[in-house]
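Subject: Structure handover

Hello,

Here is the structure I promised you. Please open it beside this email and follow along.

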Amino acid sequence: MTHPTGSQINRDLLHPLFNTSWRFYLLVAIFGGIVLFGLATWFTQTVNGYGVTGIRWPVYWGFYVTSFVFWIGISHAGTLISAILRLVNAGWRRPVTRCAEVITAFALIIGALFPIIHLGRPWLAFWMFPYPSERLIWPNFRSPLVWDFFAINTYLTGSLLFLYLPIIPDFAIVRDKSTGLRRKIYGALALGWRGTPKQWHRLETAMQIMAIAIIPVAVSVHTIVSFDFSMAPVPTWNTTIFGPYFVAGAIFSGIAGLLIAMAVLRKFLHLEAYLHPLHFENLGKLMLVMALLWGYFVFNERLVTYYGNEPAEMSVYWRTQSGTFAPLFWTMVICNFVLPLILMGIRRFRTITGCVIASIGVVIGMWLERFLIIVPALGHKYLPYSYGIYRPTPPEIIVASSTFAAMALLYVLFAKVVPIISIWELKAGEHPSPELLPPATEEHRLGDLHL
Amino acid sequence: MARWGMAADLDRCNGCGGCVVACHAENNISTVGPEQASRGRAKHWIRVERYWEGDFPDVKLKFRPTMCQQCGNAPCEPVCPTYASHHTEDGLNAQVYNRCIGTRYCANACPYNARFFDFFNPSWEKPLQLQLNPDVSLREVGVMEKCTFCVQRIRGTQTTAKTEGREIRDGEIQPACVQACSTRALVFGDLEDRESEVSRLSRSPRGSKLLEDVGTRPAVTYLARLTEEA
């Protein structure tokens, strides 16, 4: 197999930016149409009242909050993984980092929409902002929802910076290769990048700082999302394990999302020379580790609840274990644990196809996990008289599923205007493709082992 | 400063539901119709919970009028991002409708499921809109609402007593449910006043709080039903 060199890299990776095929328009039309349909549905919901959803007394959170946690979880793939891979200087990271970081940015934006979609009065969402208002009241800083607001905004700002910094030299490459208006726009985005040693030094320093700073932020974000649940005295919610459990689940689903995105990009943008089976295999191993960790957390959570034998908790416990929600629970276990364990644990299955199948399973399983945390507990709180069953209605299903189209749309548009694989990092890598790694130098070995 | 509380004598409650009707009338709680009610959209600030015990034909039915327990340590309050749910100086869990943005977090945190969401704008079949209580604001779509211990009556009586330059008499304030209770199962008053009827009943050996172990310190005391075998 030959490996692309300087000009070949430019040609391959800049091709989608300068050439538009009918497929691009078709994809944008399809995904855009679905997104518009979702927005229209949300608009109808806002106009007609929240009653069009399946939310009811006492299950006041359903599909929207599930989707919120799910998307914030997906966002943990990108920046976090990319930051860790950069810090351990894993050589194979170079073609992967950008498509990972983009997932973070878009998944966060989509995830952050859900708290607004789910509000009873979404037009007042700005009351979460601490701004000097004529009402003379601040947001309630004791509320986990306000912590969410700050955590997500911090993470979004950090992730956007972390995404933007390594694009600057690539923007400059596009600027130098284009003319007219395009040159002006990319020139502005490149922030006057000339590639001087001083600029390179500053870029490296800034990225190093961001990579270190973003890791604790990422961990804190999903911990705080888990606080939305664990801070309330609801049976099976009020538990100390939720913080790490949610963070592990987030990274787990994030890797799955990243693997799916990489496989799609590889196929449609013809990046076979850049995204090698080895990348999928390495990320697959990471997903295997997270599957084991996830299984460990679920086992802990279930077993401790069972032995604690608190009546209200046990009623929720049996409801998920063998009652109404049992089919969903066991589907989740198969998708999140059995499937990745088989496909990622056996070397023969750890192929690109295997990774994609396992990832789709994990995405479904992790969505179910959030649903199973939220809905059964709210329907079975303490007083048997007020038990209730939640069933989603079409508007909720449409809005929640249209966000998958929104993710695809944003991704398609982004890949159209920004090289989806970092050009300069590929070139800067001494060994742009993993097969060319010198046999087991200590640094690369460590990088591979630690992923 | 008073600490408002209620005592519910389960030995007296016959489950007639008069309190529920009175509450709806007093507090302008809109009804939603049978179809929406079956979908869990009914709003009953007070409800009579029915619990059956035993197998047919030896069935026993127990009633428990359940409303917001006006907790001293209320789980609904810290979780509200906009202070719509907050604690007043006299220990009430106030709900400021205009501040509510409808996260519904308070309702999830409430162990008693005493909070209700307005899924639609309120409406009444004509001519029922003419019976609305001018002392109670209507709630628009998208906010949470719940039992207030008829705060409009508390504040009204406080104002009257102040203008007349006297203390509030025990039993002078009656929330709608208490007023309507034909068996006098519900008693309302000031828990700080050790002589008040509600205070006396709250200290009764028959008394207990609902879900006491959740640690909410409710202001409502339930007096256990005395049965022959008990």
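Helices here are DSSP runs of H or I with at least four residues, strands are runs of E with at least two, and both are numbered from the N terminus.

A word on the ground rules. This is a predicted model, in which local features need pLDDT of at least 70 and side-chain atom pairs count only at pLDDT 80 or more, while totals for chains, interfaces and linings use all residues. Residues are numbered from 1 along each chain as its sequence is written, and chains are lettered from A and ligands numbered from 1 in the order in which they are written.

**Confidence**

pLDDT is the predictor's confidence in each residue, from 0 to 100. Chain A has a mean pLDDT of 88, with 94% of its residues at 70 or more. For chain B the mean is 93, and 99% of its residues reach 70 or more. The model scores ipTM 0.91 and pTM 0.92.

Which elements of chain A have the lowest and the highest mean pLDDT? The lowest is helix α17 (residues 442–450), at 40, and the highest is α13(A), at 96. Over residues 430–451 of chain A, pLDDT stays under 50. The model has 28 contacts beyond four places in sequence for that stretch. Two residues are in contact if their C-beta atoms, placed from the backbone, lie within 7 Å. Where pLDDT is low, the predicted coordinates should not be read in detail.

**Helix α1 of chain B**

Back to α1(B), which covers residues 18–26. Its buried residues are B:Cys19, B:Val20, B:Cys23 and B:Glu26. Buried means that 20 or more other C-beta atoms lie within 10 Å of the residue's own; exposed means 12 or fewer, and partly exposed is in between, with C-beta atoms placed from the backbone. Seen down the axis of α1(B), the buried residues fall within an arc of 135°, so they line one face of the helix. That arc is taken from the directions from the helix axis to the C-beta atoms. The cover over these buried residues includes β2, β3 (60–67), α6 (176–180) and β8 (186–190) of chain B.

**Helix α15 of chain A**

Helix α15 of chain A runs over residues 394–417. At 1.5 Å a residue, its 24 residues should span 34 Å, and the end C-alpha atoms are 35 Å apart, which agrees. The expected span is 1.5 Å times one less than the number of residues. Buried residues of α15(A) include A:Glu396, A:Val399, A:Met407 and A:Tyr411. Among the elements that cover the buried residues of α15(A) are α1 (6–18), α2 (22–48) and α10 (242–268) of chain A.

**The core**

The largest nonpolar core has 188 residues. Such a core is a set of buried Ala, Val, Leu, Ile, Met, Phe, Trp, Tyr and Cys residues joined through C-beta atoms within 7 Å. Those with the most contacts inside it include A:Phe252, A:Met287 and B:Leu186. Leaving aside neighbours within four places in sequence, A:Met287 touches residues including A:Phe252, A:Ile255 and A:Val362.

**Where the chains meet**

The contact takes 34 residues from chain B and 34 residues from chain A. On the side of chain B that touches chain A, the elements giving two or more residues are β2 (46–53), α3 (76–79), α4 (105–109) and β6 (115–117) of chain B. The largest share, four residues, comes from α4(B). By class, this side of chain B has 21 nonpolar, nine polar and four charged residues. Ala, Val, Leu, Ile, Met, Phe, Trp, Tyr, Cys and Pro count as nonpolar, Asp, Glu, Lys and Arg as charged, and the others, Gly among them, as polar.

**Backbone details**

A cis peptide bond joins A:Trp57 and A:Pro58, with omega about 0°. A:Pro58 sits in the loop between α2 and α3 of chain A. Another cis peptide bond joins B:Lys126 and B:Pro127, again with omega about 0°.

B:Gln70 is not glycine, yet its phi is positive, near 45°. Is B:Gln70 buried or exposed? B:Gln70 counts as buried because it has 27 C-beta neighbours inside 10 Å.

Best wishes
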